[in-house]
Amino acid sequence: AAQVMASGTPSHIATTVIDCLTEASKAVAPDSQNQDVPLDALARACEAIEPVLASLGGAFGFAQSDLVKKVAATKKRVAAGTTTAIQALDADIAGGKPKDSGSAARDLKRMVYLLWFVELLLVKLGEGLELKQALPAAYAPTMETYHGWVLGKTVRAAFIAAPTTDAFLQTIGETRESIPASSARFSGICHPVVDFLVKTYEAKGLGGNW
């Protein structure tokens, strides 16, 4: 976790979790000429959200574990020559099984929705919601869309065990005073990436809840 000064204000010397997220997400921005997203940068941005998931308690241990696996698989694809999101999606579509377990399309969708979840969570906290209010608000349009009823009900029940808002913010190096500006800065970088990828999936006939 980032260092926090005795006053409770994040140290400007320390690098906070959101600082790391913001910097990692900058490299994911779609290329202005090719309109595509580099997979290595997306993998690094998703690695940067792991501390956020870890700070949410046991309810998101499964999501963190799943993310680690999908990031590792994405890095292997990059090493094998598949370097962009659209390249990966087109290869899966050509193979006829883009929605199968273990496909690049499925892995990338989970990664993008986790990134989106973290963005929404931080924005809701920046708007003044308590963590236990922000969690369901961020979960509903993101991971819940593909979790299904049984898993979704289990995850929502686990929100009760989430840490307090102040404890969570301290873990990621933020305070109630700093989170509005920090979350807005991250969202300004992250949301265009998420929006581009979600629209890309829809344009290629891969929208919907799967």
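Me: What is the average pLDDT of the chain, and what share of the residues score at least 70?

Reply: This is a predicted model, so confidence in each residue, given by pLDDT, comes up at the start. The chain averages a pLDDT of 87, and 91% of the residues score at least 70. Over residues 1-14 the pLDDT stays under 50. For that stretch the model has 25 contacts beyond four places in sequence.

Me: How are two packed helices described?

Reply: By the angle between their axes and the distance between the axes. Here, take helix H1 (residues 17-26) and helix H10 (residues 179-203): their axes come within 9 Å and cross at roughly 20°. Angles under 35 degrees count as roughly parallel, so H1 is roughly parallel to H10. The crossing of H1 past H10 is left-handed.

Me: Which residues in H1 and H10 meet?

Reply: From H1 the residues are Ile 18, Asp 19, Leu 21, Thr 22, Ser 25 and Lys 26. On H10 they meet Ile 179, Ser 182, Ser 183, Arg 185, Phe 186, Ile 189, Cys 190 and Val 193. The residues of this contact divide into 7 nonpolar, 4 polar and 3 charged.

Me: Is Thr 200 buried or exposed?

Reply: Buried means under 20% relative accessible area. Thr 200, which lies in helix H10, has a relative accessible area of 9%, so Thr 200 is buried.

Me: Which residues does Thr 200 touch, not counting those up to four places away in sequence?

Reply: Thr 200 touches Ile 86 and Leu 89.

Notes: Residues are numbered from 1 along each chain as its sequence is written. This is a predicted model: local features need pLDDT of at least 70, side-chain atom pairs count only at pLDDT 80 or more; totals for chains, interfaces and linings use all residues. Side-chain values use heavy atoms; hydrogens and water are left out. pLDDT is the predictor's confidence in each residue, from 0 to 100. Contact means heavy atoms within 4.5 Å. Axes are lines fitted to C-alpha atoms, for helices over the stretch in contact, and angles run from 0 to 180 degrees between N-to-C directions. Helices (H or I, at least four residues) and strands (E, at least two) are DSSP runs, numbered from the N terminus. Angles under 35 degrees count as roughly parallel, over 145 as roughly antiparallel, 65 to 115 as roughly perpendicular and the rest as oblique. A crossing is left-handed if the near helix is turned anticlockwise from the far one by less than a right angle, and right-handed if clockwise. Ala, Val, Leu, Ile, Met, Phe, Trp, Tyr, Cys and Pro count as nonpolar, Asp, Glu, Lys and Arg as charged, and the others, Gly among them, as polar. Buried means under 20% relative accessible area, exposed over 50%, partly exposed in between (1.4 Å probe, protein chains only).
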